[in-house]
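Open the model in your viewer and keep the selection panel at hand. The tour starts at the ligand and then moves to the sheet.

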Amino acid sequence: MEKDCLFCNIVKGNTDTEFLLETEDVVVFKDIHPHAPVHLLIVPKRHIRSVNDLTDEDRAIVAELLMTGKEMARRQHVAEDGYKLLFNVEYGGGQRVFHLHMHLMGGKKW
Ligand code: 5GP
Ligand code: ZN
């Protein structure tokens, strides 16, 4: 837990953010500024800054993020039409919250 990290605080339940799913290692909540009818964030509970900071020991959490994205797409009824799973990596890649997260976006035509 990083004291000043927004997503660490959300993960800890320090905000009124509603979780659509919570497992031992991951939480899922709605993006506050959605870019699509379905726009969820899949977030590891452990603080990892970005994709650049992943190590070999993180293989299991990476797999869980992806599989959770797939499952949430099914539950949100966007799986069949199709959807995006996206990591923004560091400032130049569009990342603005420096706690690893995967975007799930669906429900519109791109
Ligand atoms: P990034 O640009 O870092 O990949 O994505 C961060 C995302 O977090 C943005 O899409 C932004 O709308 C979302 N976000 C920022 N602050 C909050 C918040 O306090 N609550 C929620 N639910 N989403 C947030
Ligand atoms: Zn954090």
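Select ligand 1 and the shell around it: 16 residues surround the ligand, the closest being K30, D31, R96, H101 and H103 (a residue is near a molecule if one of its heavy atoms lies within 4 Å of it). This is a predicted model, in which local features need pLDDT of at least 70 and side-chain atom pairs count only at pLDDT 80 or more, while totals for chains, interfaces and linings use all residues. Residues are numbered from 1 along each chain as its sequence is written, chains are lettered from A and ligands numbered from 1 in the order in which they are written, and side-chain values use heavy atoms, with hydrogens and water left out.

Colour the shell by residue class: seven are nonpolar, six polar and three charged (Ala, Val, Leu, Ile, Met, Phe, Trp, Tyr, Cys and Pro count as nonpolar, Asp, Glu, Lys and Arg as charged, and the others, Gly among them, as polar).

Next, show the polar contacts (pairs of N or O atoms within 3.5 Å). A polar backbone atom of K30 is 2.8 Å from a nitrogen atom of ligand 1. For R96, a backbone N or O atom lies 2.7 Å from an oxygen atom of the ligand. At N88, select the side chain: an N or O atom there is 2.9 Å from an oxygen atom of ligand 1.

Now select α1 (6-11) and β2 (26-30), each of which supplies at least two residues of the shell (helices, H or I, of at least four residues and strands, E, of at least two are DSSP runs, numbered from the N terminus). The largest share, three residues, comes from α1.

Finally, select the strands. Five of them form an open antiparallel sheet in the order β1-β2-β3-β5-β4 (two strands pair if DSSP finds at least two bridges between them). β1 (21-22) and β4 (83-86) stand at the edges with a single partner strand each, so one side of each has no neighbour in the sheet. Zoom in on β4 and β5 (residues 102-106), which pair in the antiparallel sense over four bridges. L86 has H103 in β5 as its bridge partner.

Methods:
A polar contact is a pair of N or O atoms within 3.5 Å; within protein, one must be able to donate a hydrogen and the other to accept it, and residues adjacent in sequence count only if both atoms are side-chain atoms.
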